[in-house]
Amino acid sequence: MARSDSTDDFEHELEGLDLASCRAKIAVLLAERERRRDSTQRTHERVKAMNYELSARREEAFTWRQQVQGKYEQNRQLEGQIATASAPWGTAVDYDLERLRRAIEQRLGAVVPRRPEVNELGIRLYGEMELMVQKPAEVERVEQTQVDTVLITHWRRSGSEQKFHLSYRVSASTMVRDLREDACRYWGISREQYVLWTLGNEKLQADLLIRKCFKPGEPAHLILAPKVPKNVLAPQNVQEAICAKIGPKSRALRKKTRSSVQNSEVRQGAASTEPDNFYEQMAQAPGLFDFMTQRDRRVVSHLPRIRFCSLCIYALLLVLTCLSIAAYKPKGQEYLSSLGVTTSVSGVGEEFQGIRDSDAAWSWLTHTVSSQLLRNTSSLRMSNYLPGWLRVSMQQVKPASHAECMQHGLPEEVKCFSEFYTQSSADKTDLKDIQSYWSGVVGLDGRSNDTVPWKFMT
């Protein structure tokens, strides 16, 4: 009754609208229909995903139940064996009766249905599992491989970048003709001028089923593209019928039309005789296409030719290669270039390692470093290319303190420096003399304010 009243109200509302209002009303109704279709499709997809998840959980629960039942049977058998071995005859009989009672209870619990749960008003309560759509596992596997949704991409013109996408729900009886007509009706185009193609560039016939148009593993995606006309010129009799019948140009137009038609026929015949691509050229030679596209028929044919001596030879080559690499790069001397630079700049003997005061450091910079860096005939300059400015990094330990002398057992008034330069013993304070000498003299002697040599750097 309510549906008939709403229908009457809708008809009465349409009678009072003009043509433009009716068109706007139809557009609103069409948009509402599309929204409802999308909502229904999303609901179906959600229910389908929940069914898949429920089936997987059921199979997992069944597997765990079987494992628990197996462990339970093993424990009962073990208990029975222990009871039989350690108890008298009467106790063994009681154990057998108890085991029989448990088996009967389990069998009755599996066969006899359980009483439904009800509330205080006597209304039955349903669980979430009972309200789910239940399907056998075989049916769900078949549905996973079946095509129930097809994505259609529509091109307005051939080779155009403007594309439109729309998904359709299809059934087992949906044909290509029905899907093409529905898509053309949706986009408002002629069904005679458009055709459906697959992603593999295969045109679909009108009498094929949609579910049989795709190969295993191929995405359900179709292209709705315009047909490519084979003959763009009108026939000769049509052109002669529409040309001028009288006048000075009528005869010239007829000759021109006739020659253009003949030239187009010649071009179409030549194009039809020439193969379009490489595959058609191979198809012209019998057996060439099959021979060129076949795979290796025996992938493991090289296995019988492998001998034990070959394996031994390759193993020997591997061992010799590892030994040669180890002999060429001894342990601790892999970086030969860094070792050469360090040896050249450090000086002879303990010259660099023996620096303990500023005079020794200045002597090392004046004689050893300058002789290697400022002379083109030095071993460092002859064998290396040194780009950039010279950088000298100074490392000094913290001021002397009694904490460094405690391990030697010296009196408290004695202060010692740290013997080794480490992260904890490094002096990280700013050098005031270097800061006063460096700052405020931009551009003199190569000094720059971009660097701060008086600060500690890691």
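This note goes through the predicted model point by point, from the whole chain down to single residues.

1. Basis. The structure is a predicted model, in which local features need pLDDT of at least 70 and side-chain atom pairs count only at pLDDT 80 or more, while totals for chains, interfaces and linings use all residues. Residues are numbered from 1 along each chain as its sequence is written, and side-chain values use heavy atoms, with hydrogens and water left out.

2. Confidence. The mean pLDDT of the chain is 76, and 74% of the residues reach at least 70; pLDDT is the predictor's confidence in each residue, from 0 to 100.

3. Overall make-up. The chain holds 15 helices and 4 strands. These are DSSP runs numbered from the N terminus, helices being H or I with at least four residues and strands E with at least two. Of the 458 residues, 15% are buried (buried is under 20% relative accessible area, exposed over 50%, partly exposed in between, with a 1.4 Å probe and protein chains only). The accessible surface is about 37500 Å², and carbon and sulfur atoms account for 57% of that surface; areas come from the Shrake-Rupley method with a 1.4 Å probe, and for residues only the protein chains shown count as cover.

4. Contacts. A contact means heavy atoms within 4.5 Å. Taking contacts between residues at least 6 apart in sequence, 48% join residues at least 24 apart. Leaving out residues up to four places away in sequence, T368 touches S344, V345, S346, G347, E351 and S363.

5. Salt bridges. The count is 16, where a salt bridge is a side-chain nitrogen of Lys or Arg within 4 Å of a carboxyl oxygen of Asp or Glu. D148 pairs with K48, with 3.0 Å between the closest N and O atoms. This pair links distant parts of the chain, 100 residues apart: K48 is in helix 2, and D148 is in the loop between helix 5 (137-145) and strand 1 (149-155). Both D148 and K48 are buried. They also belong to a network of salt bridges with E45 and R169.

6. R36 and E32 form a salt bridge at 3.3 Å, N to O. Both residues lie in helix 2 (residues 19-86), 4 residues apart, or about one turn of the helix. R36 is exposed because its relative accessibility is 57%, whereas E32 is partly exposed at 29%.

7. Disulfide. A disulfide is a covalent bond between the sulfur atoms of two cysteines. The cut-off used is a pair of cysteine sulfur atoms within 2.5 Å, and the count is 1. C405 is joined to C416, S to S 1.8 Å. Both cysteines lie in the loop between helix 14 (379-383) and helix 15 (432-438), so the pair ties together parts that are 11 residues apart in sequence. The link of C405 and C416 is right-handed, with 125 degrees about the S-S bond. C405 is buried at 0% relative accessibility, and C416 is buried at 16%.

8. Surface patch. I313, Y314, L316, L317, V319, L320 and L323 form a nonpolar surface patch with about 730 Å² of accessible area together. Patches are made of residues with over 30% relative accessible area and no salt bridge, like charges being joined within 9 Å and nonpolar side chains (Val, Leu, Ile, Met, Phe, Trp, Tyr) within 5 Å. Y314 lies in helix 11 (residues 308-328) and is exposed at 60% relative accessibility.
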